[in-house]
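Dear colleague,

I am passing on the structure we spoke about, and I would be glad if you could look through it with the notes below at hand. Please open it first and then read on.

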Amino acid sequence: MLRRLAHLLLLGALVSSISCGGSTAAPTPLNVPFSVTDLIVGTGTTVASGMGVEFSYVLYQYSETAPDHKGTQLANSNASGPFIAVLGQTPPQMIAGLEQGLIGMKVSGRRQIVVPPDLAYGANGTSGIPPNTTLLFIIDLLQAQVVTAATQPTASRLPLSPR
């Protein structure tokens with residue numbers, strides 16, 4: 001009788017943990033491939049690896065059901081200011097999918113970049129971005145230039161070139 005009661009309690013605990021999401025495994029990623037779509041083709045300098053870039057962005061969690069696949073908004077550079085980085089650096093200054101998505105873009109353009117988890121934050125996620133999240137960036141490229149030691153972006157020398 002006690003053995004049967006112990007099995008029932010164990011079964012109840014197992015069912016409870018499954019139905020309450022007792023697993024700590026990251027959600028399965030969506031099967032959405034990396035993609036780049038020019039929404040506005042720019043007319044300025046074309047971005048290549050090794051160049052410094054300055055861009056504004058809005059970041060969304062990719063959604064299969066939301067209009068234009070724009071799920072929850074995760075970040076907006078209008079609040080934090082434009083992002084400035086040099087492409088092709090070691091260690092990288094941004095996630096791989098964003099860096100790949102900027103290559104070939106022209107200044108004054110707007111581009112949508114869909115970044116699957118393996119080119120973003122993967123199964124671990126990061127602050128504010130859940131594990132296995134596919135990201136959707138809308139990028140406005142403000143500047144791009146070849147970087148030399150004299151023009152390397154620093155906190156004291158922003159933006160990349162004088163305005």
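Two stretches call for caution. Over residues 1-23 the pLDDT stays under 50, and the model gives this stretch 1 contact beyond four places in sequence. Residues 155-163 also have a pLDDT below 50, although this stretch has 21 contacts in the model beyond near neighbours in sequence. Where pLDDT is low, the predicted coordinates should not be read in detail, and I would ask you to treat those contacts accordingly.

Turning to charged side chains, a search of the whole structure finds 2 salt bridges. In one of them the side chains of R111 and D38 meet, with an N to O distance of 2.8 Å; this pair links distant parts of the chain, since R111 belongs to strand β5 (residues 110-115) and D38 to strand β1 (residues 35-40), 73 residues apart. R111 is buried, with a relative accessible area of 5%, whereas D38, at 39% relative accessibility, counts as partly exposed.

R110 forms a salt bridge with D140, and here the closest N and O atoms are 2.7 Å apart. This pair, too, links distant parts of the chain, with R110 in strand β5 and D140 in strand β6 (residues 135-146), 30 residues apart. R110 counts as partly exposed because its relative accessibility is 31%, and D140 is likewise counted as partly exposed, at 21%.

As for aromatic side chains, the count comes to 3 aromatic pairs. One of these is formed by F55 and F83, whose rings are tilted, 5.4 Å centre to centre and with 45° between the planes. F55 lies in strand β2 and F83 in strand β4, so the pair ties together parts of the chain that are 28 residues apart in sequence. F55 is buried, with a relative accessible area of 0%, while F83 is partly exposed, with a value of 28%. Both residues belong to one aromatic cluster, which is formed by F55, Y57, F83 and F137.

Most residues other than glycine have a negative phi, and most peptide bonds are trans. The peptide bond from T90 to P91, however, is cis, with omega near -5°, and P91 is placed in the loop between β4 (83-86) and α3 (96-102). H69, a residue other than glycine, has a positive phi, near 65°; H69 is found in the loop between β2 (51-62) and β3 (70-76) and counts as partly exposed, at 31% relative accessibility.

N132 has a positive phi as well, near 55°, and its place is in the loop between β5 and β6.

Definitions and conventions:
Residues numbered from 1 in each chain as written. Predicted model: local features only at pLDDT ≥ 70, side-chain atom pairs only at ≥ 80, totals over all residues. Heavy atoms only, no water. Salt bridge = Lys/Arg side-chain N within 4 Å of Asp/Glu carboxyl O. Helix = DSSP H or I, 4+ residues; strand = E, 2+ residues; numbered from the N terminus. Buried < 20%, exposed > 50% of the residue type's maximum accessible area, 1.4 Å probe, protein only. pLDDT = per-residue confidence, 0-100. Contact = heavy atoms within 4.5 Å. Phe/Tyr/Trp six-rings, centres within 6.5 Å; stacked < 30°, edge-to-face > 60°.
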